[in-house]
Amino acid sequence: MNNFSYIKTKETADASVLLKENTGHKAIAGGTNIVDLMKYFVVEADTLVDLNGIQGMDELSETEKGSVRLGALMTNAATAYHPVIEKKYPLLSKTILAGASGQIRNMATNGGNLLQKTRCYYFYDHSVPCNKREPGSGCPAIKGYNRIHAILGHSQDCIAVFPSDMCVALAALNAKVHVQGTEGERQIDFEDFHRLPGDTPELDNNLKQGEIITGIELPDEDFSQNYSYLKLRDRSSYAFALISVATVFKIENGQITEARIALGGVAHKPWRSKEAEEFLKGKIPSRENFAQAADLILAEAQGFKHNRFKIDLAKKAIIRNCMMALEPETQRPGAKPSL
Amino acid sequence: MPDQNNQPVALTVNGHQHRLELKPWVSLLDALRHTLDLTGTKKGCDHGQCGACTVLVDGKRVLSCLTLAVMKDGSEITTIEGIGSQDGLHPVQKAFIEHDAFQCGYCTPGQICSAIGLLEEGKAQTREEVQDLMSGNLCRCGANRGIINAIMAVKNESE
C-alpha cells in the first residue's frame, strides 16, 4: 500500500473537519475493507483518520421511544450477539452471522459495514478499466465474467453489487442511519442511504464529504415471530452471496398484515419491492402467494451472459425464505436453506 | 502535523511488554514477524481470506494482516508462541495432535488461535455451528474434519 500518515481522533466533529477539508484523508474504523483495498492500491490515502478514539460510539442504547440505536463503532460480532438484538431483532443477528468470518466480525464495525466496497473483480483489478474506480473508463464486467453481478437496478456504466449481508436485514427493518458532518447531524432512511449506479457508479451512497456515520437506529417493531435470512453462495460459509433474502412478516389470524422482503447480491444496494410487499398484505402465507410476490420483485430483472441463472435462483430463494420465515426456529448457521 | 515518521506503539505480546517505533502502514502481522521475530504467526494470503494470520487481541480472535499495528497501541496480543509450553501443551494443541488436525502445519497456528477464540466466545454449541464459526480458517491440506473433531473434543471435555 502507499505510505500514509496517521491521526487518531477523539471527537466526531474533529474527524468530520479533517475529512471534509482534505480529500486525501480517509476514515478507518475496523479496517477490514480499507486495509485490504489499500493493499491492492484500489484506495489510496495521504492520511488515515482513526475513529476508534471517539468515546461512546461502540455501544447499543435503547431510546425513550422504544427504538434501538447501534453505535457505528460497535463491532458486527458485539451487535449480533447482543441480548437485545438476539431477542428483539433476531433477523439482524442471524444476518450478521451469515457474513464474513468470526475473526472479521470481531473487527468490522457497523458503520464500516455500510461503507464496504463492491467485490466486483474488475473493480479490484488495476489492469482493466472500471467506471467505479476511474469514472468514464468503462465497464468490462458487462461483457466479461459477470457471474456475481447485478440482475436489478444496473446501468450501462456499472453492474456491480453491494456485498453486505447486514445491510439486507437493515433494509428490511427500515433502519435509519445517523450521520454527523461539519454542518450538523441528520438521519437518512435506509433505502435512501445506498445508491443505484446510474451514470455515477463511483458514488456508493449519499454521504456528503466529511459526514461520518455515528449510529444506526432500529425502529420499535417486533418481527421476532416470523423472520428468516437465506444466503446462497458457492461455498456454504465465508463467501459473498450470489443471492440472499431477508424476510419478515407480521401475521394475524392467518393473514399477512406486514411483509418485508429484501434481496442481497442482486443490485448496487439492498433491493426491496413495495409492490410485492403490498401484494402480500391481507393474503394468506402460502407458496403460491410467495411465488407471485417473487414474480413482482423480479419483473424487471435482467441478467448477463454468466448470471442469468440468478433470476430463477432468486425466485426460488424468495419463495423458500418466505416459507422459512414461517418456521424461524429452523434457521441454520450460515443462513443455509433449512426447509 | 501528522507525518509518515515512526509512531510509538506499545504492545504486550505473550505477556512481554514492547515499546516499538513503527511506520503507520505496518500491519500487526508484519510487526510480529519482522520486528519481534515471532514467526509462528503465518502470512498466507495477506488479504483476510485465509485466517493463517489469526491472533488474539485483548482476548478476541482477529486477522493480524488486516490490522494496522499503530491502531493496537496499548493492546495485549497472544500469538501461537504464547500458547502452551514445551512441557505443557494447551488443551487445543493436545487435541490437534490426538485428532490428526494438520498435515503441512502452515494454517495450524491460525487454526489454534481461532479455535481458542471461538471456545472463549462460547457461541458454538453444535458441530455445524463450530464448522460455520471456523470457516474463516482455510486448510488446503484438507484436515478440516480433524480440526473440527479436535475442537469438539476440547469443547465436550470442558463441559
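Mentor: Let us begin with the hairpin of S1(B) and S2(B), which has 2 residues between its strands. Within this hairpin, B:Asn14 adopts a positive phi near 50 degrees. Please bear in mind that the model is predicted.

Trainee: In which sense does S1(B) pair with strand S5 (residues 75-78) of chain B?

Mentor: That pairing is parallel and extends over 3 bridges; B:Val13 stands opposite B:Ile77 in S5(B). In general, the strands of a sheet pair through backbone hydrogen bonds, in either a parallel or an antiparallel manner.

Trainee: Which residues form the covered face of strand S1 (residues 7-13) of chain B, and which the uncovered one?

Mentor: B:Gln7, B:Val9, B:Leu11 and B:Val13 form the covered face. B:Pro8, B:Ala10 and B:Thr12 form the uncovered face.

Trainee: Into what domains is chain B divided, and how many residues does each give to the contact between them?

Mentor: The division gives domain 1 (7-82) and domain 2 (91-157) of chain B. Their centres, taken over C-alpha atoms, are separated by 21 Å. Domain 1 of chain B gives 14 residues to the contact, and domain 2 of chain B gives 13 residues. On the side of domain 1, strand S3 (54-57) and S4 of chain B are the elements that give two or more residues, and S3(B) gives the most, with 3 residues. By class, this side of domain 1 divides into 6 nonpolar, 5 polar and 3 charged residues.

Trainee: Turning to chain A, why are strand S9 (226-232) and strand S12 (271-272) of chain A said to stand at the edges?

Mentor: The open sheet has 4 strands in the order S9-S10-S11-S12, with antiparallel pairing. S9(A) and S12(A) each have a single partner strand, so one side of each is left without a neighbour in the sheet. Within this sheet, strand S10 (residues 243-252) and strand S11 (residues 255-264) of chain A are joined by 9 bridges, and A:Lys250 has A:Glu258 of S11(A) as its bridge partner.

Trainee: Which elements does helix H13 (residues 309-325) of chain A touch?

Mentor: Helix H13 of chain A packs on the sheet and touches S9, S10 and S11 of chain A, its direction making about 35 degrees with that of S10(A). Helix H5 (residues 90-97) of chain A lies across S9 and S10 of chain A, at about 15 degrees to S9(A).

Trainee: What makes strand S4 (60-62) and strand S7 (184-189) of chain A edge strands?

Mentor: They belong to an open sheet of 5 strands in the order S4-S5-S8-S6-S7, with antiparallel pairing. S4(A) and S7(A) each have a single partner strand, so one side of each lacks a neighbour in the sheet. The twist from one strand to the next averages 25 degrees. Strand S6 (residues 176-181) of chain A is joined to S7(A) by 6 bridges, and A:Gln180 stands opposite A:Glu185.

Trainee: How do you know whether A:Asp204 is buried or exposed?

Mentor: A residue is buried if 20 or more other C-beta atoms lie within 10 Å of its own. A:Asp204 has 21 C-beta neighbours inside 10 Å, and therefore counts as buried. A:Asp204 lies in the loop between helix H10 (190-193) and strand S8 (212-218) of chain A. Leaving aside residues up to four places away in sequence, A:Asp204 touches A:His194 and A:Arg195.

Technical notes. Residues are numbered from 1 along each chain as its sequence is written. Chains are lettered from A and ligands numbered from 1 in the order in which they are written. This is a predicted model: local features need pLDDT of at least 70, side-chain atom pairs count only at pLDDT 80 or more; totals for chains, interfaces and linings use all residues. Two strands pair if DSSP finds at least two bridges between them. Two residues are in contact if their C-beta atoms, placed from the backbone, lie within 7 Å. Axes are lines fitted to C-alpha atoms, for helices over the stretch in contact, and angles run from 0 to 180 degrees between N-to-C directions. A residue is buried if 20 or more other C-beta atoms lie within 10 Å of its own, exposed if 12 or fewer, and partly exposed in between; C-beta atoms are placed from the backbone. Domain bounds come from an automatic or database domain assignment. Ala, Val, Leu, Ile, Met, Phe, Trp, Tyr, Cys and Pro count as nonpolar, Asp, Glu, Lys and Arg as charged, and the others, Gly among them, as polar.
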